Amino acid sequence: MAFETWEQRAFDELSELYTTFFERISEYGKACYRIDAHEIFSKNIKELPQEQEKKIKKYWKMFTNDFDIAYHKYYIDKAREFDVRFIPDDLFVGYIDGYLNNRTIEPGIADKNYFDMYLKGFKMPKTFVHLINGIYEDENYNIISKEKALEILSKQKKITVKPSMASYGGKNVIFLEELNSKEILEFLNNLSFQNLIFQETIIQSNETAKLHTKSLNTIRIMTLILDNDVKVLSSVFRMGVGESKVDNASSGGIYCKINEDGTLSNIAYDALGNKYDKHPDGGEFKEVKFDFMNNVKKIVKLAAQRLPHFRLIGWDIAINQKKEPVIIEANLTMSSIDLIQTVDGPLFGEYTEKILEEVFLKKHNKNICMDISQYI
């Protein structure tokens with residue numbers, strides 16, 4: 001159907017607003033991360049020899065002129081190895097993440113309430129109740145009353161409640177334990193969110209609980225879809241600290257590398273790059289070894305195939321008491337690459353050049369995911 005002149009004008013204007021919105025996110029994100037590199041992550045960082053700086057700049061000149069060396073200084077200092085292939089966080093947010101992952105549909109796909117559908121067949125925490133747009137549903141997505149939700153939840157001794165949308169870094173996660181019906185009803189009557197998921201609280205394995213028992217400690221493992229295959233990238237172990245019940249670095253947790261043999265590296269970092277030779281609560285990282293990593297890798301490689309709009313995913317995997325991997329979350333954009341690169345070198349490793357060539361050198365069309373014409 002042909003547009004009238006005024007319809008075409010409206011369509012063109014709306015299309016521009018739509019595409020430039022995501023471009024602005026990338027631009028502002030890149031600018032903010034670049035400021036962070038100089039104002040936060042450049043403290044107490046060793047300067048690089050001039051020869052190393054030249055090698056880094058020469059390498060990145062092949063792909064882009066929009067380059068700042070600050071993140072390389074940070075990662076080389078923390079990882080204690082020189083490598084030109086470290087991915088600067090500012091270029092990651094500004095170009096790479098938005099290319100590999102479809103940010104336009106991410107808010108809906110990333111709604112935790114729908115992972116039971118997308119990842120059906122994979123072991124995840126059992127869902128007791130969904131709250132979607134203020135509407136209660138049971139585990140099978142049947143609409144139920146608040147009274148029925150109360151009845152279901154009152155049978156549970158431990159419940160983990162999470163915002164299902166727009167939640168980052170373990171924010172606003174609540175743990176309910178041994179509440180009676182009256183207390184749960186009071187909780188439901190005073191909710192601050194319209195989108196929540198009520199799930200079982202995972203009891204973790206002895207191995208993952210060894211260094212910190214109060215938090216659910218998880219494995220962050222990255223997958224990359226490349227050349228029609230799912231590549232499993234690096235993995236790190238995330239641990240809570242002190243009284244924290246979550247392991248997110250942004251909530252005060254720490255993280256360290258998981259070696260190929262399942263042992264942990266002998267150092268860990270927090271979100272600000274502070275180094276730890278042992279867990280703040282006293283445990284030695286070297287005392288821990290995981291014998292389930294092959295199973296973890298197998299599961300995320302299969303799960304990544306359910307979400308091909310997101311070629312780079314950061315998976316959070318818990319290990320239950322039976323040593324079974326449990327998918328806690330799939331981070332579909334902005335997967336905290338600092339967790340990987342500070343302890344295990346460049347994010348993409350052997351695939352770096354291929355990814356950078358695809359992102360920066362190959363021409364690619366911008367796809368609009370919304371049919372704007374239906375509103376004209």
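Reader: What volume does the second largest pocket have?

Author: On a 1 Å grid over the protein atoms alone, a pocket is an open set of points with protein on both sides within 12 Å along at least five of seven lines, and its lining residues have an atom within 4 Å of a point. Grid points are joined across faces, edges and corners, and a volume is the space filled by probe spheres set on the points. Here the second largest pocket has a volume of about 960 Å³. The model is predicted: local features need pLDDT of at least 70 and side-chain atom pairs count only at pLDDT 80 or more, while totals for chains, interfaces and linings use all residues. Residues are numbered from 1 along each chain as its sequence is written, and side-chain values use heavy atoms, with hydrogens and water left out.

Reader: Which residues lie nearest the centre of the second largest pocket, and which helix gives the most to its lining?

Author: Helices (H or I, at least four residues) and strands (E, at least two) are DSSP runs, numbered from the N terminus. Of the 26 lining residues, Gly98, Tyr99, His364, Asn365 and Lys366 lie nearest the centre. Helix H1 (5–39) and helix H4 (89–100) each supply at least two lining residues; H1 gives the most, with 7 residues.

Reader: In what order do the strands of the open sheet run?

Author: Strands of a sheet pair through backbone hydrogen bonds, either parallel or antiparallel. Two strands count as paired if DSSP finds at least two bridges between them. The open sheet of 5 strands has the order E2-E1-E5-E3-E4, with antiparallel pairing. Strand E2 (135–138) and strand E4 (174–177) stand at the edges with a single partner strand each, so one side of each has no neighbour in the sheet.

Reader: Which residues stand opposite Ile197 in E5, and is that strand enclosed or open?

Author: Strand E1 (residues 127–132) is joined to E5 by 4 bridges, and His130 has Ile197 as its bridge partner. Strand E3 (residues 158–163) pairs with E5 over 5 bridges, and Lys162 stands opposite Ile197. Buried means under 20% relative accessible area, exposed over 50%, and partly exposed in between (1.4 Å probe, protein chains only). In E5 (residues 196–200), 4 of the 5 residues are buried, so the strand is largely enclosed by the rest of the structure.

Reader: How many disulfides does the structure contain?

Author: A disulfide is a covalent bond between the sulfur atoms of two cysteines. The criterion is a pair of cysteine sulfur atoms within 2.5 Å, and a search of the whole structure finds 0 disulfides. Cys32 is partly exposed, at 45% relative accessible area, whereas Cys256 is buried, at 0%.

Methods
On a 1 Å grid over the protein atoms alone, a cavity is a set of points where a 1.4 Å probe fits but cannot get out, and a pocket is an open set with protein on both sides within 12 Å along at least five of seven lines; lining residues have an atom within 4 Å of a point.
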